[in-house]
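Let's take a friendly walk through this model together, from the overall fold down to single residues. Please keep the viewer open as you read.

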Amino acid sequence: MKDKLIELRLSTGMKRGEFAEYFGIPYRTLQDWELGNRAMPEYLLRLMAYKLRMEKLIREEPEAGEEN
């Protein structure tokens, strides 16, 4: 699940802080999900992906060197 979340975030070109702010979730929560310290609900990942697709914020591929 954490890999899918990271892939989703990178597909937007957002850094962790931007992504967390966009969705209104605490930075540390997002960080814990991405590091695998906490499990995020699967339905939430699907809702996030849906919202990003509807708002056309997902890019084809993350640019080289983008991680956080």
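Predicted model: local features only at pLDDT ≥ 70, side-chain atom pairs only at ≥ 80, totals over all residues.

**A walk from helix to helix**

Residues are numbered from 1 along each chain as its sequence is written, and side-chain values use heavy atoms, with hydrogens and water left out.

Is Ser 11 buried or exposed? Ser 11 has 10% relative accessibility, so it counts as buried; the cut-offs are under 20% relative accessible area for buried, over 50% for exposed and in between for partly exposed, with a 1.4 Å probe and protein chains only. Its side chain reaches back to the backbone oxygen of Leu 8 at 2.6 Å. Setting aside neighbours within four places in sequence, Ser 11 is in contact with Leu 57, Ile 58 and Arg 59, contact meaning heavy atoms within 4.5 Å.

Now zoom out to the whole chain. The protein chain has 4 helices and 0 strands, and reads α-α-α-α along the sequence. Of its 68 residues, 34% are buried. Among contacts with a separation of 6 or more, 61% come from residues 24 or more positions apart.

Back in H1, the buried residues are Leu 5, Leu 8, Arg 9, Leu 10, Ser 11 and Thr 12. Their cover includes H2, H3 and H4. Just after H1 comes Gly 13, with a positive phi of about 80°.

How do H1 and H4 pack? Two packed helices are described by the angle between their axes and the distance between the axes. For H1 and H4 the angle is about 15° and the axes are 11 Å apart; axes here are lines fitted to C-alpha atoms over the stretch in contact, with angles running from 0 to 180 degrees between N-to-C directions. That makes H1 roughly parallel to H4, a label for angles under 35 degrees. The crossing is left-handed, that is, the near helix is turned anticlockwise from the far one by less than a right angle. Lys 4, Leu 5, Leu 8 and Thr 12 of H1 meet Leu 45, Met 48, Ala 49 and Leu 52 of H4. By class, this contact has 6 nonpolar, 1 polar and 1 charged residues.

H3, spanning residues 27–35, has its own buried set: Thr 29, Leu 30, Gln 31, Asp 32, Trp 33 and Glu 34. These pack against H1 (2–12), H2 (16–23) and H4 (42–54). Gly 36 follows H3, and its phi is positive, near 80°.

The walk ends in the segment after H4, where we find Lys 56. Lys 56 is exposed, with a relative accessible area of 71%, and its phi is near 55°, a positive value in a residue other than glycine. Most residues other than glycine have a negative phi. Leu 57 is also placed in the segment after H4, and is partly exposed at 29% relative accessible area. Not counting residues up to four places away in sequence, Leu 57 touches Ser 11, Thr 12, Met 14, Tyr 22 and Leu 52. The C-alpha atoms of Leu 57 and Met 14 are separated by 9.6 Å, although these residues are 43 apart along the chain.

Key. Helix = DSSP H or I, 4+ residues; strand = E, 2+ residues; numbered from the N terminus. Polar contact = N/O pair within 3.5 Å; in protein donor to acceptor, adjacent residues only side chain to side chain. Parallel < 35°, antiparallel > 145°, perpendicular 65-115°, else oblique. Nonpolar A, V, L, I, M, F, W, Y, C, P; charged D, E, K, R; others polar.
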